[in-house]
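Let's take a walk through this structure together. Have a look at it first, and then read on.

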Amino acid sequence: MEFRFHGRGGQGVVTASQLLVASAFKVGLWGQSIPMFGAERRGAPVEAYARISNTPIRRHSQVYRPDVVAVFDPKIMEVVDVLRGLKPNGIILLNSPEGKFEHGFEGFRVYCVDATGIAVKLGLYFAGFPAVNTAIVGALARVIGILPLEAVLETISSIWSGKVGELNAEAAKLAYNSIGGV
């Protein structure tokens, strides 16, 4: 299964890709996290990629034909074609506060999570911006159905300790449980 993450610099896009793959390792899967770095600056469009498989992954490249696209900022769709290469019946996970979107997504399975609302509710900020990455990974675990929430929580706890770890784990849980219709 191949993933592409779209967001803005400072939203934790690369970290989310790494969290997803580290969570896959916890359940015996293989994985790769691939950051895409361009002209780096906070707020600029950022992409990251991930692969998860039950067999070793020999390909080491960007993901051109993802099964899943995660969109951290719905406004990014105004400047980036997030559907580029997405396989038919592919999954789109949108960070959308009200489950609303203006784009046509016919032929894809669309899920929404209010990752920003969860981050704000929990006081998760990084450099003044809501940190939505752990909520996105929690929601992804739910929609892809191959990663148990416990693996994501264990990974988060291994990266962040104390209150920060607890809040990020709570964000993942809230997002996981907020996804309906899976």
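Predicted model: local features only at pLDDT ≥ 70, side-chain atom pairs only at ≥ 80, totals over all residues.

Residues are numbered from 1 along each chain as its sequence is written, and side-chain values use heavy atoms, leaving out hydrogens and water.

Start at strand E4, residues 68-71 (helices, H or I with at least four residues, and strands, E with at least two, are DSSP runs numbered from the N terminus). In a regular strand, side chains alternate between the two faces of the sheet. In E4, Val68 and Ala70 lie on one side and Val69 and Val71 on the other, and all are buried (under 20% relative accessible area with a 1.4 Å probe, protein chains only; exposed is over 50%, and partly exposed in between).

E4 pairs with strand E1 (residues 2-8) in the parallel sense over 4 bridges (pairing needs at least two DSSP bridges). There, Arg4 has Val69 of E4 as its bridge partner. E4 is also joined by 4 bridges to strand E5 (residues 91-95), again running parallel, and here Ala70 is partnered by Leu93.

Now find helix H3, residues 133-144. Because 11 of its 12 residues are buried, H3 is largely enclosed by the rest of the structure. Among those buried are Ile136, Leu140 and Ile144. After H3 comes Gly145, with a positive phi near 70 degrees.

Finally, look at helix H5, residues 162-178. Its buried residues include Leu167, Ala171 and Tyr176, and H3 is one of the elements that cover the buried residues of H5.

Notes: Expected span 1.5 Å × (residues − 1). Contact = heavy atoms within 4.5 Å.
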